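Please work through each task before reading its solution.

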4 protein chains.
Amino acid sequence: MIKVGIVGGTGYTGVELLRLLSRHPDVELKAVTSRKEAGMKVSEMFPSLRGHVEIAFSTPEDAKLTECDVVFFATPHGVAMAQARELLEAGVKVIDLAADFRLKDPAEFTQWYAMEHSCTDLLAEAVYGLPEVNRAAIQKARLIGMAGCYPTSVQLGLLPLIENGLQLIETSGIIADCKSGVSGAGRKAEVGTLFAESSDNFKAYAVKGHRHSPEIMQGLSAIHGAPVQLTFVPHLTPMIRGIHSTIYARLTEAGKAADVQKLFEERFAAEPFVDVMPAGSCPETRSVRGSNTARIAVHRPGNGDLLVILVVEDNLVKGASGQSVQVMNLMFGLPEQHGLDVVPLLP
Amino acid sequence: MIKVGIVGGTGYTGVELLRLLSRHPDVELKAVTSRKEAGMKVSEMFPSLRGHVEIAFSTPEDAKLTECDVVFFATPHGVAMAQARELLEAGVKVIDLAADFRLKDPAEFTQWYAMEHSCTDLLAEAVYGLPEVNRAAIQKARLIGMAGCYPTSVQLGLLPLIENGLQLIETSGIIADCKSGVSGAGRKAEVGTLFAESSDNFKAYAVKGHRHSPEIMQGLSAIHGAPVQLTFVPHLTPMIRGIHSTIYARLTEAGKAADVQKLFEERFAAEPFVDVMPAGSCPETRSVRGSNTARIAVHRPGNGDLLVILVVEDNLVKGASGQSVQVMNLMFGLPEQHGLDVVPLLP
Amino acid sequence: MIKVGIVGGTGYTGVELLRLLSRHPDVELKAVTSRKEAGMKVSEMFPSLRGHVEIAFSTPEDAKLTECDVVFFATPHGVAMAQARELLEAGVKVIDLAADFRLKDPAEFTQWYAMEHSCTDLLAEAVYGLPEVNRAAIQKARLIGMAGCYPTSVQLGLLPLIENGLQLIETSGIIADCKSGVSGAGRKAEVGTLFAESSDNFKAYAVKGHRHSPEIMQGLSAIHGAPVQLTFVPHLTPMIRGIHSTIYARLTEAGKAADVQKLFEERFAAEPFVDVMPAGSCPETRSVRGSNTARIAVHRPGNGDLLVILVVEDNLVKGASGQSVQVMNLMFGLPEQHGLDVVPLLP
Amino acid sequence: MIKVGIVGGTGYTGVELLRLLSRHPDVELKAVTSRKEAGMKVSEMFPSLRGHVEIAFSTPEDAKLTECDVVFFATPHGVAMAQARELLEAGVKVIDLAADFRLKDPAEFTQWYAMEHSCTDLLAEAVYGLPEVNRAAIQKARLIGMAGCYPTSVQLGLLPLIENGLQLIETSGIIADCKSGVSGAGRKAEVGTLFAESSDNFKAYAVKGHRHSPEIMQGLSAIHGAPVQLTFVPHLTPMIRGIHSTIYARLTEAGKAADVQKLFEERFAAEPFVDVMPAGSCPETRSVRGSNTARIAVHRPGNGDLLVILVVEDNLVKGASGQSVQVMNLMFGLPEQHGLDVVPLLP
């Protein structure tokens, strides 16, 4: 049994980790920390976990995280980088669901997250947690910076078209028009995500620039082996879970000649958590609600040179906690699907 | 033109007052105060008001409220009682949408709102703002404590059965099972009313006791002229606006002999804002969305001795801001419907 | 492995059965019938099942249901009673999720469902599918009429107070004010349950009389061993899943003297799918979303003689498909929780 | 007073017309037809209209539409073209909210709407109902084909950039990623738009081709005076009302040199129903809920060559019924805002 600790168990990625790990056959949940709620049973805050999670929140001091095999950080940005070194030195693997170990350039990190990076050496070592892209590196890693929710969906949607220098689309001028459910904003008390503010409403936000924009371009450029440029426009949608990315890319001549549907099907055939839909499909976010699957459909309207790629995922599962469990499975040599065989909840 | 000031314009009752008053033919909006947002245009915070409300928030000091004819308090509990005396002494009428002037017993106020009442003499003078019950007193009043949202719906639903000593139902053991949209909780940043917490969810709250419980019983007892006892259980419903009260009362022998449908129709025939639905109806909250109307239907399942009364209202209009405009119209001798002739928004 | 057939797999109880059974360790899914969709892969209609359910819909003729061990009917009322005899005679157990085998009195069935009962002998034999009430009978049964969604919640909420002649509450004059998500209306094309009609809206319906009313009273009377009378008022709530029943009952002198909280805790201590919440709790429907658990809280406002019982369940799981799997487990001597160990999805 | 008839008053554009026209100071509502509901009071079907609309549905025969001054068709496609000639010959003006008179090419109409056009001469005469584009023609017209909901938002968003041959953006390769509330699908009983299907869900649809695509390109090309090519991808959003169009266009060198914000502000300065938001804004759909206003914001992320234009409108008001009242006002020489001075409902 893998001994697991969770730092920051009161947010949505935390409670989602608890939902998944509480049924994971190879995991023993050792500690969930929350300085503010220390002593309270986790299931008192989240009654959905009654009967499934018996432990209480503990202070970081009491949690004895160095005795764990792996620690997940489901915390605000900046927490993991302050605690990772001690854990790593104690032989504990670290999986950060926040952004501390995503952007490889510390200056870029500072620009977007408004804080200095406190351990740039670890940043250099950290592996980007997106298994479909770098499974092998994850298997050998001791420190993971999990891919963000939007970046996961956009990178999966473009992966088969650009990896390893492939030139099927123009690699600048890509557009990712993305729509997220409100849980993506986290479980923080804020006026903008109140029910009475965000229900029966739709809006774009951060059009000028969003933190996930440099992450997406860094990821795509790494996949491609050359710079990829993309405009990312996120939107807030009145639903709890789910991301729908609508990606627009211009086909090159090579791309127009290719069988893109087949390309996607073959690329993801062996992937347990990526489902390429039949040609002509429009995947719904609810078709992956609660599961670690991303579903992708590829369209070429009017048989023109514009490719429209539709990607849906559950932002809290494949976009965060579920993918981090997938990563943990890889790091510990477990079957990738352990603890993640959930059938989506529909309706 | 009536010169109007609003204290506290950043909450839902405030913006709703602005929506209604901006089109009121007899009103000139002089000031909207918000210490925190002073200087910001009101329509910058609420773009729905662009083109309708041109003024900016001002500090209480700059607002010159004593030069107004009437001041509305759309504030947290406790604000109006601190400022009412100065305004009244300057000849300004005061309409408080919060609870400062609702409960007649200062001890009861302290028990439920956890603060001392600072002007019990004004409390004694204040008139309860529920026009269908005490229109005449409102017309002569200079200080109004507006009825709460739940209390408005419950009192309207029971009024014809108990007023002036009428004994058509047993006046103890009444049950009011009420359901409110999330805007009833106000525009405060709180975890419990986040979209991701309150959407696709339903729960009761404050079952042990809710502040509106003593208000309802005080009101019903005043209407009846003798004590009325009722159990009030509020529930949170995943919608923005609307209250649906399902009221259960036992008919007396006199009540069983009465034509209750006709009683309701006649009682409210002249009321501009109470609509008695045809027998057998189930009013929907959306049928009053955005309007000052309450709709009522009366049922007697299986022709037994239990009366089931269904009342719907828009909690922000008839349950708060709209009713306060109705009260203002009465205080200034205007037609009661001025500024309130809005057709409900459906769908 | 139990060979399972499902008649009527295109509605919400059907797809929910598929979600649960596809992961049941002891089940082999043999056939899902739909005359209209025969030949179409089940996962084409419900993409959430891609990778989990591989079979296609088949006609009733092709389905070879008589070769199954058990057949579930997730059909409109009237279908199961037309096909049950043939299956039973072939040695197949039958579990009907519709109402054909709920009401013991054929005349009452005709009154509420507007059709003659075609096999009253089987009706007499059928066992009511509510395990917490009649587990032993279910274990021996070959034909089950599953409890309805509302009736499950109301009976569980009153069970400890009245079973076996217990007189802790007055057994007439009980009120069940129930609120259901829209999935309770089924997956039928109807104007009233369109998103644009039922979203941001709340209403009561069937106040005059609802089919579940006689079922609830039949069930409670059987539990009590004497007639129980109750008024049932259902309401439609803008959420997908979930029932919240708020039950009001008058305590007898014996009831007032009893420790009701303890009574509930002890009564359900051994029940795997009933969770009695700590005193003072208000269970949320989302706390059971997707799971077979019902959560109950008991209140006595003001320490008076009115008991307020709050019960939440997922109407498609404990209120329908999940409970039918629980029943199947009992009928086949399996652990009651097999295939039902799902952690609720929150948020 | 203008005598108004409405053909097809049971859908969402019909009830929305009734909401607006019932308060229009210059309108007398003469007839609302519905063969199916003839004899039923309109307010019985739509209780929101109780006290505002007193007439009943009538059959087309009884409606005496030829005695009206103007008839609105709020009907399925194909109805208006069958009845328009008789009305026009009787001197009645005709405003069709459906698509019969939108596409100028009868072959294109047949391709997209799967029916022959029955009066191509009237089609040639019909004026496209988008006042910001062709106000003068509308003022003189007797037959209007109202702009569709999506096309209104997309054309308004691009108008200042391309009209009269202006070359500020590349006029091929434009992308309109549009999101609509569910009321856009109409008040028809269909599984796909049930609450339990479309709530908490997001999806694209008709990616291969949507009827509004040729309408948008026809409109833009007419505005530009030369062909404009655009890819249109609609999405279904879990809200009742509202369209949010996110439009992506490449700036030309001239466009890069232009002050686009100022261009938009000046172009729409005199338009009563188009509101250009301050630079940097992200308009919300709820900011126009229930009103005839479209709000537009223009972004140029990273100061690059991609322009991102955000447009919100209420699909039932500016996208349909409200705009048709605006058109009626123009046709009858009334102030354009008569009957349309509604403050948006927020929250």
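How many salt bridges are counted between chain A and chain D? The model is a predicted one, in which local features need pLDDT of at least 70, side-chain atom pairs count only at pLDDT 80 or more, and totals for chains, interfaces and linings use all residues. Residues are numbered from 1 along each chain as its sequence is written, chains are lettered from A and ligands numbered from 1 in the order in which they are written, and side-chain values use heavy atoms, with hydrogens and water left out.

**Solution 1**

Step 1. Apply the criterion: a side-chain nitrogen of Lys or Arg within 4 Å of a carboxyl oxygen of Asp or Glu. The count between chain A and chain D is eight salt bridges.

Step 2. Take an example: Glu197(A) and Arg286(D) are joined through their side chains in a salt bridge (2.6 Å, N to O).

**Exercise 1.** Describe the extent of the interface of chain A and chain D.

Step 1. Chain A and chain D each bring 40 residues to the contact (heavy atoms within 4.5 Å).

Step 2. About 3300 Å² is buried between these chains, with carbon and sulfur atoms giving 57%; buried area is the accessible area (1.4 Å probe) that two parts lose on being put together, summed over both.

Step 3. Asp200(A), Phe202(A) and Val207(A) supply 18% of the area that chain A buries against chain D, more than any other three residues.

**Exercise 2.** Describe the interface of chain D and chain B in the corresponding terms.

Step 1. The buried area is about 2700 Å², of which 63% comes from carbon and sulfur atoms.

Step 2. Four salt bridges are counted between chain D and chain B. The side chains of Arg50(D) and Asp275(B) form a salt bridge (2.6 Å, N to O).

**Exercise 3.** At what angle do the axes of helix α7 and helix α11 of chain D cross?

Step 1. The axes of α7 (residues 149–162) and α11 (residues 260–268) of chain D come within 9 Å and cross at roughly 110 degrees. Axes are lines fitted to C-alpha atoms, for helices over the stretch in contact, and angles run from 0 to 180 degrees between N-to-C directions. Helices are DSSP runs (H or I, at least four residues), numbered from the N terminus.

Step 2. Therefore α7(D) is roughly perpendicular to α11(D) (65 to 115 degrees).

Step 3. Among the residues that make the contact are Leu156(D) of α7(D) and Phe264(D) of α11(D).

How values were computed. Helices (H or I, at least four residues) and strands (E, at least two) are DSSP runs, numbered from the N terminus. Angles under 35 degrees count as roughly parallel, over 145 as roughly antiparallel, 65 to 115 as roughly perpendicular and the rest as oblique.
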